[in-house]
Amino acid sequence: MPEVASRLHLENVGYVLKDCFAQAGIKPEQLTAVAVTGGPGLIGALHVGVLAAKTIANFYQIPLINVHHLAGHIYANEFAGKFIFPQLAVVVSGGNSEIILMKDHMSFEIIGETLDDAIGESFDKIARALGLAYPGGVNIDKLTKDQDIPVIKLPKVHASGYNLSYSGLKSSLTRKIKDLKAKGEMTPELVKSYAFSVEKAFVDQLLDKVFKAAKAYKVKQIVMGGGVSANSYLRKEIIRRGQDLYKIVIPPLWCTTDNAAMIAKIGSRLYKMGRTDSLDFAPQASRELGQ
Ligand code: KG4
């Protein structure tokens, strides 16, 4: 509901700013620069954030930095470790599933992406069919974490190269679940089994492609970001499969879902690189990584 989201941004931005300064124990006049998400995202919500940032930058005469949302997710990893190049960045969120090759700071080459729906959105839709509350990915994780659950065999998904695909499995599973429910055959054990099986199918497909790409591009490190990188099975599996071959860096749980700290983190790097923006840039609902 983009309209509701924009209104809530507008209603809350002042309180959030006030609270941030109070918690950080600093005054606005102590700021060196302001970093803000300039896209991609919901345009109404982006406008609110960008306008707030522009106002602060203009009033205190400090530089403004326009940050790409996905680059922010990638740089959240700098809270956990240093970047070593070449590295792969895996961005998995409600709206994105991308495998990105980075040969240097702020250099992004998308080598694989979803051909249809994003992994987080697919988790949410299947969770809803299973009767789990939003955000579905989080509740699938809670239901299945650290348990020995029987796996239901699901069809293998094919996508070219390092690309990914989630919609086929999502649609066939939601149909199957609705069918079972209609026949009164869905039990709590089956809900758990479907939840774990889809989690495993989605994550295994992703990691098969990630490790194939890591080998082909001879990377030294793999980093992850986005809401789905909070998933317990994914975090465990990427380490289990990759730790002897690559350095694996995963962001702390608190900065996996959308947050402002990661935007400040990448903002400080851009500031040191001298990459600041003029006050007249406009937020963009869709924006290429690296632009
Ligand atoms: O990055 P994010 O906060 O928002 C954007 O999409 O930009 O990601 C939200 C997505 C939702 O689809 C949510 O279900 C998923 O991340 N998510 C998870 C987990 N935590 C959040 N999916 C699986 N397991 C989790 N633990």
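Lysine 183 sits out in the open, with a relative accessible area of 53%. Its salt-bridge partner is aspartate 179, and the closest N and O atoms of the two are 3.9 Å apart. That still counts as a salt bridge because the cut-off is within 4 Å. Aspartate 179 itself is partly exposed, at 43% relative accessible area.

Keep in mind that this is a predicted model. The structure holds eight salt bridges, and here are three of them, side by side.

| Pair | N to O distance |
|---|---|
| glutamate 3 and arginine 7 | 2.9 Å |
| glutamate 78 and arginine 269 | 2.9 Å |
| lysine 183 and aspartate 179 | 3.9 Å |

Now for the pair in helix H1. Glutamate 3 and arginine 7 join their side chains in a salt bridge, at 2.9 Å from N to O. The two are four residues apart in helix H1 (residues 2-24), so about one helical turn separates them. Arginine 7 is exposed, with a relative accessible area of 53%.

The pair of glutamate 78 and arginine 269 is another story. These two form a salt bridge with their closest N and O atoms 2.9 Å apart. Glutamate 78 has 18% relative accessibility, so it counts as buried, the cut-off being under 20%. Arginine 269 is partly exposed, with a relative accessible area of 23%.

Terms used. Residues are numbered from 1 along each chain as its sequence is written. This is a predicted model: local features need pLDDT of at least 70, side-chain atom pairs count only at pLDDT 80 or more; totals for chains, interfaces and linings use all residues. Side-chain values use heavy atoms; hydrogens and water are left out. Buried means under 20% relative accessible area, exposed over 50%, partly exposed in between (1.4 Å probe, protein chains only).
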